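Thanks for coming, everyone. Please bring the model up on your screens, and we'll walk through it together.

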Amino acid sequence: MSGEVLFKAAYPFQADVERLPVQDIDEAAKWYCNTFGMEEIERRSEPRPAVVLARDGVKIGFEVNGGDASQDGAAVLVADIHRARDELTAKGVSIGNWRIDERDGSKFQVFFVIAPDGLCYYFHQPLND
């Protein structure tokens with residue numbers, strides 16, 4: 001694993017990238033730390049169980065809030081899409097839809113990951129023309 005920054009930003013699909021819905025805080029923290037290379041930076045039990053994880057200063061949080069995980073997730077901007085894909089596949093994660101997306105006149109290399117908790121992640125990196 002390189003010491004260089006990989007995660008540059010995370011944007012929520014719904015309301016808050018630090019309150020993504022999960023059923024089990026401990027399982028979520030374990031999976032994201034082991035798989036996404038994140039580390040736990042905050043945990044609380046009130047008003048609902050929650051944990052905030054970070055990688056390269058980018059925070060993603062999880063909360064037992066009754067939300068539908070299959071309808072939520074985050075777009076993760078990365079510095080090196082190939083390294084992100086390689087790290088995840090080396091850990092047994094299934095990568096979906098390796099493709100190029102175009103929006104607002106810019107092109108992005110992208111892929112998707114569906115986590116065991118049902119949350120969807122859109123990993124993306126801008127392509128230079």
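Over the face of which ring does Arg-85 lie? Arg-85 lies over the face of Trp-98, at 4.0 Å from the ring centre. The test for a charge over a ring is that NZ of Lys or CZ of Arg is within 6 Å of the ring centre and within 35 degrees of the ring normal. Arg-103 has its charged end over a ring too, that of Phe-108, 3.9 Å from the centre.

Some ground rules. This is a predicted model, where local features need pLDDT of at least 70, side-chain atom pairs count only at pLDDT 80 or more, and totals for chains, interfaces and linings use all residues. Residues are numbered from 1 along each chain as its sequence is written, and side-chain values use heavy atoms, with hydrogens and water left out.

Next, the rings. Rings of Phe, Tyr and Trp (its six-membered ring) pair if their centres lie within 6.5 Å; planes under 30 degrees apart are stacked, over 60 edge-to-face, and the rest tilted. The whole structure holds 12 aromatic pairs. Trp-31 and Tyr-32 pair edge-to-face, with 4.8 Å between centres and 85° between the planes. Tyr-32 also pairs with Phe-62, this time stacked: 4.4 Å centre to centre, 20° between the planes. Tyr-32 lies in helix H1 and Phe-62 in strand S5 (residues 58-63), so this pair ties together parts 30 residues apart in sequence. Helices (H or I, at least four residues) and strands (E, at least two) are DSSP runs, numbered from the N terminus.

Are Tyr-32 and Phe-62 buried or exposed? Both are buried. Buried means under 20% relative accessible area, exposed over 50%, and partly exposed in between, with a 1.4 Å probe and protein chains only. Tyr-32 comes in at 1%, while Trp-31 is partly exposed at 21%.

Now helix H2, residues 81-90. Ile-81, Arg-83, Ala-84, Glu-87 and Leu-88 are buried there. Down the axis of H2, these buried residues fall within an arc of 165°, so they line one face of the helix. That arc is taken from the directions from the helix axis to the C-beta atoms. The elements they pack against include helix H1 (25-36) and strand S4 (50-55). Just after H2, Gly-92 has a positive phi of about 85°.

Last stop, Thr-35 in helix H1. Thr-35 is buried, at 8%. Beyond its neighbours within four places in sequence, Thr-35 contacts Leu-88, Lys-91 and Val-93; contact means heavy atoms within 4.5 Å. Thr-35 and Val-93 are 58 residues apart along the chain, yet their C-alpha atoms are separated by 7.9 Å.
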